[in-house]
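Please look over the model shown here, and then work through the questions that follow it.

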Amino acid sequence: MEKEMYEVRFHGRGGQGAVTAATILADAAFREGKDVQAFPIFGVERRGAPVAAFMRMDAKPIDIKTQIYEPDSVVILDPTLLDVIDVTKGLKENGKIIINSSKKATEFKFGKAKVYTIDATKIAMKYGLGAKTNPIVNTAILGAYSKAVGNVGIEAIEEAIGEKVPRKKEENKKAAREAYEETRGE
Amino acid sequence: MKDKIILRNASDIPPMAMSMGTTLVSKTGSWRSMKPVFHKEKCIKCGTCWKFCPNGSIKNGEYPEWDYEYCKGCGICAEECPVKAIEMVKER
Amino acid sequence: MVKKVIYGNHAVSYGARDARVEVIAAYPITPQTQVVELLSEFCASGELKAKFIKVESEHSAMAACVGASAAGARAFTATSSQGLALMHEMLHWASNARHPIVMANVNRAMGPPWNIWTDQNDSMAQRDTGWMQFYCSTNQEVYDTTLMTFKICENDKVLLPGMLSLDAFVLSHTSEVVDMPPQEEIDEFLPPYKAKYKLDLEDPRAFGSLMFPDWYYELKYKQHTSMEEALKVIEKVGKEFGDHFGRYYGLVEEYRIEDAEIILVVSGTIAQTSKDAVDVLRKEGMKAGLVRMRTFRPFPKEKIRKIASKVNKMIVIDRSISFGSEGAFFTETKACLYNEKDRPEIYGIIIGLGGRDVTVEDIMKIAKKGKEGKFKINEINWWGVKL
Amino acid sequence: MKLTIPEEELMYEGTVDCQGCGGALAMRYALKALGKKTFVVIPACCWSIIAGPFPYSALQVPLYHTAFETAAIVSSGIKAGLEMKGIDATVMAWAGDGGTFDIGIQALSGVAERNDDIIYVCYDNEAYMNTGIQRSSATPYKAWTTTTPRNYPKARPKKDIDEILVAHEIPYVATASVAYPEDFIRKLQKAKEIKGTRFIHVLAPCPTGWRSLPEHTIKLARLAVQTNIFPLYEVENGKYKINIKPKNPKPVEEYLKLQGRFRHLTEKDIKEIQEATNKKWKKLLRKEEFF
């Protein structure tokens, strides 16, 4: 089946804001004229447990209502998940992986996938997002997504943050922007 | 208000069970086997009988007046009358 | 006009807000909770001037709506699954007493075992309560249907409650773009509710008293007639909505059926996914079409007859099961065609119970198998069951 | 005549309550007390029938019949609707003991916890009388009903619904008896002026179910108070006040012996009931003293 739509999977832990990240990205893509969907993995979310969320965008209206099995890119909010789950499952050949990590992208190897890293935790702490034990990295990682994938602009993401983030809107926008500037690929 | 509501077909009834008349159509006086008979001479006009009638079938005047169209003949008025001015007698 | 990316659940809340509901009574249940959370915020902030009764159960939620509606107010609630089941008695009450209450039901499987994912067994179990039932397939439709349902229910010729259903998670927790018209335009489409029958100090009447067999039967006849009348009103309101806001709705949505040889009859989000399947099948050369069932009660019998008269094969896909019988849409579709001279062959498929995902590939395979006549004709076909 | 309660009648005659019905009398009083600006909500109970069959009504005020367990919450719904429509009126839920003590207690508890602005009156005839005298949790200890036969009468005491309502910290809880209409009406009128959930529990003898004489309805309702079996008291914002304290309480036997439902009681049973009554009365005196 030919696909013009673009699909993203987010991995995080309950409470880290993976679902919000998917929703903000959808909102941002919508601001650039796309039709969008964002949804959590249909399950019971518990704080700390691994969770996944999805975003689907297309220039044409989206009809499909299924879950996402073969994402074009994967965003990982919590690097500790890399040991726990197969984050590349279903990822398209030449897909992209964006990881919240202080390591260099070249230190990761996932087949033909192109890897990008950003120390979103450091950025989130710098802007006072979340608690020290549980920094909220979802806005920073979206800045990284924008740079890495390039199909949703950082300005639209900043606007979407203004709409969807209830508190510390400016700090979140700054975190996204800073991550955008700092993101490096392999 | 005592009139029976005449209904012929479905178009005469509202879409739900909404009342259109009052229970005064039902003459509960026919339930009586015993009838309260009033002895005016004994009455002290205390209002006790009027007060305790479950259905308000005793009307307030200078003296109590029984509404035999509805009075069911329970006998509370006779039982509660402090001066025994009311007597229950067999209906004929 | 505001376009927002919002959850299906929030589409319900915004719909209820923009319909200017006056009394809300609801009890939280997964996956409906966001509906009541956002409505609580609307009420707390004064954005919506309504009384929100935070009841202790769904039974009471519906009972409170019944009371509010009896007093002449526009009443709204939302629930799901077990909650809907608990309401059952009061669902009859709302309909029999002719209260135009609107309810959003997030279609969720019935337990045990606990399962919070989607299927339609919860709402199908309420088939005979006298509620109109609408099934949505996008968040936009959820919002629009909330508004339309009030207008349909409150129509003098209808005066019945209406339930709109949205699939658990696949709509309830999915963010999509929803276009919300300006309030003035909505007010024009949906003016305040003026109850024709209500509790009134000036004209005191009793409602719902004992009724003997001499008139109860006629009352049921009237209730049914109103339900039939609703078929016209639903179409009229759907058109009126389109004239106002540019999005038209009917009893069913017909998708590429003009020259179809085989038609899929589907509801909810599976129907939306099925559109993609039909597109691909068409590209591959199969003349497939889709009828998306928006309305289950009243059942759009004439509509189905008309559509069925032009095809040889129909496949009805149900996300519910009446144990010992079959899927609800399958039964109803067949039943309304039985006395037709030229009726198509009809297959009944059960799919996706308890939130099992239904993909484009599933639908394509079903259509192909149906075209080849490989389904059992006198039985239901369980799609994808692990045997 | 000398009248001690309001003269206005807001209940029509022609109702089909049994001869000597305490429940019918209680409604007559309630409407006198609350007046024309009252909405009445009746769940399944004797009053579903008494209020008149379609197309007739026994009340001169708006009346909504509702399902068994919903009197309290439907009243809240009506009140909310009226408030939205700018109508200021009293909404009174009018339920029997089954609809209050048993099947309706969940919704009633919800209403009381939220302190919804309604008056809830329970007319208590101590069993499911409308369905033909089956036990409820309001049925007294050792009483006969059709589901508690004489050789196996009710083994548990009457549920203390008033204390349950007091525990909800609502502004007003009161008991009443049809033998004391001035007291009952005063309580209703007081309740009318209070905002929030107000609960009034009125003992309404049922000659049919109690196996008593119709003319003894008032006598029994009075004896229930004079024996301390059914004390009259009110709890206003948590403060207890006993309205009638019999100087020399009558023995419970006087009350029990007039009722066929207690015909099977032994000397021991009566003694037991007397002791339980004394104990409960003492407890109430203490509550009045301390709260």
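**Contacts between chains and helices**

Q: What is the bridge partner of Ala206(C) in S3(D)?
A: This is a predicted model, in which local features need pLDDT of at least 70, side-chain atom pairs count only at pLDDT 80 or more, and totals for chains, interfaces and linings use all residues. Residues are numbered from 1 along each chain as its sequence is written, with chains lettered from A and ligands numbered from 1 in the order in which they are written. Strands (E, at least two residues) and helices (H or I, at least four) are DSSP runs numbered from the N terminus, and two strands pair if DSSP finds at least two bridges between them. Strand S9 (residues 206-207) of chain C runs parallel to S3(D) and is joined to S3(D) by two bridges, and in S3(D) the partner of Ala206(C) is Leu63(D).

Q: Which element gives the most to the side of chain D that touches chain C?
A: Counting residues as in contact if their C-beta atoms, placed from the backbone, lie within 7 Å, 37 residues of chain D meet 36 residues of chain C. Helix H2 (46-50), strand S3 (63-65), helix H3 (71-84) and helix H5 (105-114) of chain D each supply at least two residues of that side. With eleven residues, the element that gives the most is H3(D).

Q: How many residues does chain C bring to the contact with chain B?
A: Chain B gives nine residues to this contact. The number from chain C is 16 residues.

Definitions and conventions: Contact = placed C-beta atoms within 7 Å.
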